[in-house]
Amino acid sequence: VFRCPRPLGRSRHASARALLRIGCVAAEMTPLAKVGGLGGVVAPLSAELAALGHEVTVLMPLYGGMSLERVELEADERALVRFGGLPREVPLRRGRFGRVELVLLADPLVGGRGPYDYADPRDEAYRYSLLCRVAADWLAPRCDLLQLHDHHASLVVPMLLDRPRPATLLTIHNVAFQGIHSWDDLAAAGLPDAAYASLDWYGRGNALKAAIIGADAVVTVSPTYAQEIRETELGCGLQPFLADKGPRFAGILNGIDTSTWNPATDPLLAARYGPDDMTGKRRCRAALLSEMGLRTSPDRPLVGVVSRFTEQKGLALVRPALPE
């Protein structure tokens, strides 16, 4: 539980009962940009926090081809930061996405291309260093709490070591991706001297490790995953740092947005169904089998997997298990 450190200011969109000013820094947010589960969490979680009365601002890159049809655009502005040893004016596109304030980094160093579309390791390091620099210099002074999603936002924590800062909450969606970069590639970030000890990772800089050490609290996507990455090799080397957080590290089970994922109202299904009438589910099954060119025998099991093709997801276990 984070206590508000000072009286809240009010934006013209703020509820009269606003509790906290929350800044969310992420690389994805559905439906604007979604590659994995991270994007699927940021949008409904931010909307739910705003519905509870908090002022919520999401900061993310403006990617190439991103549709802004559902964003109520407002006046743009520029954030003046220091990056690569020089002053840099970063263009920001501001708007409203439902109850949430949305701020998109329109700098070509960060956006302009698709998510995770990197030319080389330096490109990746620069993209998230600049995202984090804007978060630290422009967003943090406006917030009581920063929620930082995965390694893309992790450099914010070491960037704030030498100044007053809001409370910081690191959310880990996948500990396997840690934002590990050479010191040369991280030099443009302008990190304070105090940051290097927490970043050091076998002669390189590890953004996620530094955020785990320095954040006020760390959460991940389920109690089970929290236990796994704290106590087993699934922690990818960060187990001792997670264990050191003690009660300030917890797993909170991801939920779903039932207004979107509801088979009783989903217009994209071949038929709708719900707990009181399941007949539509059989029609959906038949439509899927037909679309995939499979036999429609009702007695044959249908198994579906929605996943990335990685060992971490256990796909190597599926094929040998099917005969049994």
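Modeller: This is a predicted model. A helix here is a DSSP run of H or I, at least four residues, numbered from the N terminus.

Biologist: What follows α9?

Modeller: G293 follows α9, and its phi is positive, near 70°.

Biologist: How do you know that the end-to-end distance of α9 agrees with its 13 residues?

Modeller: The expected span is 1.5 Å times one less than the number of residues. For the 13 residues of α9 that should give 18 Å, and the end C-alpha atoms lie 19 Å apart, so the two agree.

Biologist: Why is C284 called buried?

Modeller: Buried means under 20% relative accessible area. C284 has 15%, so C284 is buried. The buried residues of α9 also include G280, R285 and L289.

Biologist: And why is C236 called partly exposed?

Modeller: Its relative accessible area is 33%. As for disulfides, the structure holds zero.

Biologist: What makes M292 count as exposed?

Modeller: Exposed means over 50%. M292 has 55% relative accessibility, so M292 counts as exposed. M292 sits in the loop between α9 (279-291) and α10 (315-321). Together with L288, L294 and L302, M292 makes a nonpolar surface patch of about 370 Å².

Biologist: What makes α6 mostly covered?

Modeller: Six of the eight residues of α6 (residues 207-214) are buried. They are A207, L208, K209, A210, A211 and I212.

Biologist: Which side chain reaches the backbone nitrogen of L208?

Modeller: That of N206, at the start of α6: a side-chain oxygen comes to within 3.1 Å of that nitrogen.

Notes. Residues numbered from 1 in each chain as written. Predicted model: local features only at pLDDT ≥ 70, side-chain atom pairs only at ≥ 80, totals over all residues. Heavy atoms only, no water. Buried < 20%, exposed > 50% of the residue type's maximum accessible area, 1.4 Å probe, protein only. Helix = DSSP H or I, 4+ residues; strand = E, 2+ residues; numbered from the N terminus. Polar contact = N/O pair within 3.5 Å; in protein donor to acceptor, adjacent residues only side chain to side chain. Disulfide = S-S within 2.5 Å. Patch = residues over 30% accessible without salt bridge, like charges linked within 9 Å, V, L, I, M, F, W, Y side chains within 5 Å. Areas by Shrake-Rupley, 256 points an atom, 1.4 Å probe, with all protein chains shown as cover. Salt bridge = Lys/Arg side-chain N within 4 Å of Asp/Glu carboxyl O.
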